[in-house]
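Have the sequence and the 3D view open while reading. The paragraphs below take up ring contacts, charged pairs and a pocket, in that order.

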Amino acid sequence: MRRFYKAVSPSTVLLTMSAILFFGWEVEYDDFHLGAEQEPKFGRTYTMYHGTRVETARSIIQNGFQQSADGMLGPGVYVSRDQKKARRYPLNSLDSDRVVLQLRVDCGKIKRIDIDNHPMQKSWHSQGYDTAWVPPNCGMKAVPSGLEEDCIWDPNRIKVTNVIAAPNSTVSAELQHLISQQQGRGASSQKHCPACRRRNVPGHAVQSCWGCGANICTFMTEHVCQNKF
């Protein structure tokens, strides 16, 4: 999601020669979503999809994704923001054994791969990128469907959030239950942030306001500094 910051009265903005310090803010939340045809942005988290077999879906939900040994874009986890792409997989598999998982993916640094035999087609991660992105209809012969494809190097950047398609309601309910169990375990292993009351995530630090000294963090929806100048 995006966070929009705006100063609110009676917050004070202190200007110095080297920096601008904001003593107070209000946050407006907006789900950041781009269509499959739009270029993903650095550091954003996107909803993506992955098609797999029923048994593999169970393993993914319970144990996480595993890197493929190789592929068009080299090792990694292959996903797409286009549901139609995910529904095609696994190739040559019966509909009775296909599941489409909805994911939340932290893309990190993204490399666009849009031509066959791209010089970084399989070496993008060694060049400092976290995700390789193949845009739709880019003309690559390796992607005859013309549908968007992404390769995520680190499986830990991917979380399963929902089941979009399953062979039947029984399998869907089973997988949804497994997802709920995993989400519950993840939540119970984290402590609440004393400032915003959200459960902590890596890098979620509480700091003192530069103006009034109150405990704050950037996940708070509002902080009005009481310091008077």
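One aromatic pair turns up when the whole structure, which is a predicted model, is searched. The partners are tryptophan 124 and tryptophan 153, whose ring centres are 6.3 Å apart. Their planes stand at 90°, and planes over 60 degrees apart count as edge-to-face, so this pair is edge-to-face. Where do the two residues sit in the chain? Tryptophan 124 is in the loop between strand S7 (110–112) and strand S8 (131–134), while tryptophan 153 is in the loop between strand S9 (149–152) and strand S10 (158–165). The two positions are 29 residues apart in sequence, so the pair ties together separate parts of the chain. Tryptophan 153, with a relative accessible area of 28%, is partly exposed.

Arginine 81 lies over the face of tyrosine 46, at 5.3 Å from the ring centre. In another such contact, lysine 109 is placed over the face of tyrosine 129, at 4.8 Å from the centre of that ring.

Next come pairs of charged side chains. Side chains of opposite charge can pair when their charged atoms come close. A search of the whole structure gives ten salt bridges, and the following paragraphs look at some of them.

Start with arginine 58. Its side chain meets that of glutamate 55 in a salt bridge, with 2.6 Å from N to O. Both residues belong to helix H1 (residues 54–63), and because they are three residues apart there, about one helical turn separates them. Glutamate 55 counts as exposed, at 53% relative accessibility. Arginine 58 has a relative accessible area of 22% and is partly exposed.

Arginine 58 also forms a salt bridge with glutamate 174, again listed at 2.6 Å from N to O. Here arginine 58 is in helix H1 but glutamate 174 is in helix H3 (residues 169–188), so the bridge ties together parts that are 116 residues apart in sequence. Glutamate 174 is partly exposed, at 29% relative accessibility.

Another salt bridge joins glutamate 149 and lysine 85, whose closest N and O atoms are 3.1 Å apart. This pair links distant parts of the chain, since glutamate 149 is in strand S9 and lysine 85 is in helix H2 (residues 83–86), 64 residues apart. Glutamate 149 counts as buried, at 10% relative accessibility. Lysine 85 is buried too, with a relative accessible area of 6%.

Glutamate 149 leads on to the second largest pocket. Which residues lie nearest the centre of this pocket? They are His50, Gly51, Tyr78, Tyr89 and Glu149, out of 21 residues that line the pocket. The space in the second largest pocket is about 410 Å³.

Several elements contribute to the lining. Strand S4 (45–52), strand S5 (77–79) and H2 each supply at least two residues. The largest share, four residues, comes from S4. By residue type, the lining of the second largest pocket divides into eleven nonpolar, six polar and four charged residues.

Terms used: Residues numbered from 1 in each chain as written. Predicted model: local features only at pLDDT ≥ 70, side-chain atom pairs only at ≥ 80, totals over all residues. Heavy atoms only, no water. Phe/Tyr/Trp six-rings, centres within 6.5 Å; stacked < 30°, edge-to-face > 60°. Buried < 20%, exposed > 50% of the residue type's maximum accessible area, 1.4 Å probe, protein only. Lys NZ or Arg CZ within 6 Å of the ring centre and 35° of its normal. Salt bridge = Lys/Arg side-chain N within 4 Å of Asp/Glu carboxyl O. 1 Å grid on protein atoms, 1.4 Å probe; cavity = no way out; pocket = protein on both sides within 12 Å on 5 of 7 lines; lining within 4 Å. Points joined across faces, edges and corners; volume = space filled by probe spheres on them. Nonpolar A, V, L, I, M, F, W, Y, C, P; charged D, E, K, R; others polar.
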